Amino acid sequence: MISSAAVDVTAGADELMRDLMARPWGQVSPSVYETGRLVSLAPWLIGHQARVAYLLATQRPDGSWGAPDGYALVPTVSATEAILSACARGGNGADPAALRHSALRGVRALAGLLLEAAVRLPDMPAIELIVPDLVVRINAHLAAMPDSGVEPLRLPKGMSETPITLIRRRVESGSALPEKLLHAFEIAGDSAAGARMASPTPIGTVGASPAATAAWLGDGVTADAGAGPAARRYLEAVALRHGGPVPVGLPITVFERGWVLSWLARARIPFDVPPEMLADLRAAIGPAGTPAGSGLPADADTTSVALYALALHGMPYEPESLWAFETPTHFCTWQGEDGSSVSVNAHVLDAFGQYATVRPNAGARYAPVIGRLSAWLAGRQRADGSWDDRWHASPYYATVSCALALAEFGGTAAEPAVRKAVRWVLETQRDDGSWGRWAGTAEETAYAMQVLLLAGTGERVEEAAARGYGYLLSAAADTVDGPPLWHDKDLYLPVAVVRAAVLAALHLAQSDPLVVRRLVK
């Protein structure tokens, strides 16, 4: 039996709205990878010693940084190179012996991680460029430390310096890069400093990335004209957010607002949306769609979620911009994408489906693409009933995205896939009522509960949702401090987005009389 203590989700949603308006760049957890790049690239930036201390404090007992299953490689290669850079500068206020000890532990951990990478490597943006770049840099540091006692690192099979060399030559020639590469512009090395083809946005960011912006600034002194001061102010603002450490991407304005508004509205939470927030979201969508934030390319994911949120909140907008992302089989995240994403296509289905729902006259136009997307998603369901995806480490995120889109817009043909997804969620609940890939988390539990309560029925669903509700009540801190699970160059936690998902799950549980009857006061 579970103790019931209803959460005021409306008050929580209203507080979220105030937070989103007060912090328009977004709320994102610090990143070991990005922080490490600033230690190396911008030792002159405010908060340098705090960044070094953050890296030392977050190193794991085995010498690595980051999560299991290959997710440690990128943060570990970045942190190790950063600490070696700090060693080469004499410590910059840190204990040289402690830095050396940490760096060599990182090198030893990397030897094993690089071997594992040949077999298992997560699908992270720019990983095939980041790892070779930093391995070469680490080996150069080690060559200057003949008494290190460690061997030079070897790249895993399939990785090479060649793509980085070609990118740097292209930057040096002044040729434009694909816009998505600007998010990882730090891999351009010395060629990045002051590059005209990567001029910062009006708020000073290159690629919505502190590391990319620091690489463009170079030593922070020579870029003192043109966009240089704006870029410095951007870095200072981002560094101050967490007292030194920095997130992997900022701003994420449109992404954050779209996801928060979608989670809350889909769960039918009554709350007040600032009208200027909806107006800004609408204005962000142009003919090519909308990016997640300033300095990023437009993408189908953010565009779809923004369109879906607008339709849910009574401001439906023709999803014409999505056609630019259509391929013969599915919708790409952006043009030229390698691979595909089920969550992106689920969100495209949401956008088309919700628009057709609130604009019935448009139904005939969108019915064919809704049918194609539904069949494509169902065909990519795993045998156990779940989905996995390239933008999130947890299958619960991919599964909630696909199962809810199919349940709402997939019709009778999608019902078997939805039932399989509900069954998988029921079968993977943990003893404490939670759900999670590596351990139970509030975020993943919220996704699982939404699958059950929006797409499932029956006594097993009611019981599992009630147990999940009890876990969420006891794990409220995880809505802020939970592990980063979202894919970027490093795993990250979009704090407000996860809070919204948890509020949605709490509201669905509290609003379901069949779940409430299982809660004992």
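Author: Gladly, and let us start with a definition: angles under 35 degrees count as roughly parallel, over 145 as roughly antiparallel, 65 to 115 as roughly perpendicular and the rest as oblique. Please keep in mind that this is a predicted model.

Reader: Why are H14 and H15 called oblique to each other?

Author: The axes of helix H14, residues 363-379, and helix H15, residues 395-409, cross at roughly 140°. An angle over 145 would count as roughly antiparallel, and 65 to 115 as roughly perpendicular. The value for H14 and H15 belongs to the rest, so the two helices are oblique to each other. Their crossing is left-handed.

Reader: How do you know that H14 and H15 meet, and which residues are involved?

Author: Contact means heavy atoms within 4.5 Å. On that basis, Ile370, Ser374, Leu377 and Ala378 in H14 meet Cys402, Leu406 and Phe409 in H15. By class, this contact has six nonpolar, one polar and no charged residues.

Reader: What can you tell me about the crossing of H8 and H9?

Author: The crossing of H8 and H9 is left-handed. Helix H8 covers residues 210-217 and helix H9 covers 228-241, and their axes come within 10 Å and cross at roughly 145°. From H8, Pro210, Thr213, Ala214, Trp216 and Leu217 take part, and they meet residues of H9 including Arg232, Tyr234 and Leu235. The contact of H8 with H9 has eight nonpolar, two polar and one charged residues.

Reader: What makes a residue part of the lining of a pocket, and how many line the largest pocket?

Author: A lining residue has an atom within 4 Å of a point of the pocket. For the largest pocket, 39 residues line the space, and Pro125, His183, Trp334, Trp391 and Asp488 lie nearest its centre. The volume of this pocket is about 970 Å³.

Reader: Which helix supplies the largest share of that lining?

Author: H6 does, with three residues. Helix H6 (127-143), helix H10 (253-266) and helix H12 (300-312) each supply at least two. By class, the lining of the largest pocket has 21 nonpolar, eight polar and ten charged residues.

Reader: And how much space lies in the second largest pocket?

Author: About 420 Å³. Of its 17 lining residues, Arg60, Gly66, Ala67, Pro483 and Pro484 are the closest to its centre. The lining of the second largest pocket has twelve nonpolar, three polar and two charged residues.

Methods
Residues numbered from 1 in each chain as written. Predicted model: local features only at pLDDT ≥ 70, side-chain atom pairs only at ≥ 80, totals over all residues. Heavy atoms only, no water. Axes fitted to C-alpha atoms, helices over the stretch in contact; angles between N-to-C directions. Helix = DSSP H or I, 4+ residues; strand = E, 2+ residues; numbered from the N terminus. Left-handed = near helix turned anticlockwise from the far one by under 90°. Nonpolar A, V, L, I, M, F, W, Y, C, P; charged D, E, K, R; others polar. 1 Å grid on protein atoms, 1.4 Å probe; cavity = no way out; pocket = protein on both sides within 12 Å on 5 of 7 lines; lining within 4 Å. Points joined across faces, edges and corners; volume = space filled by probe spheres on them.
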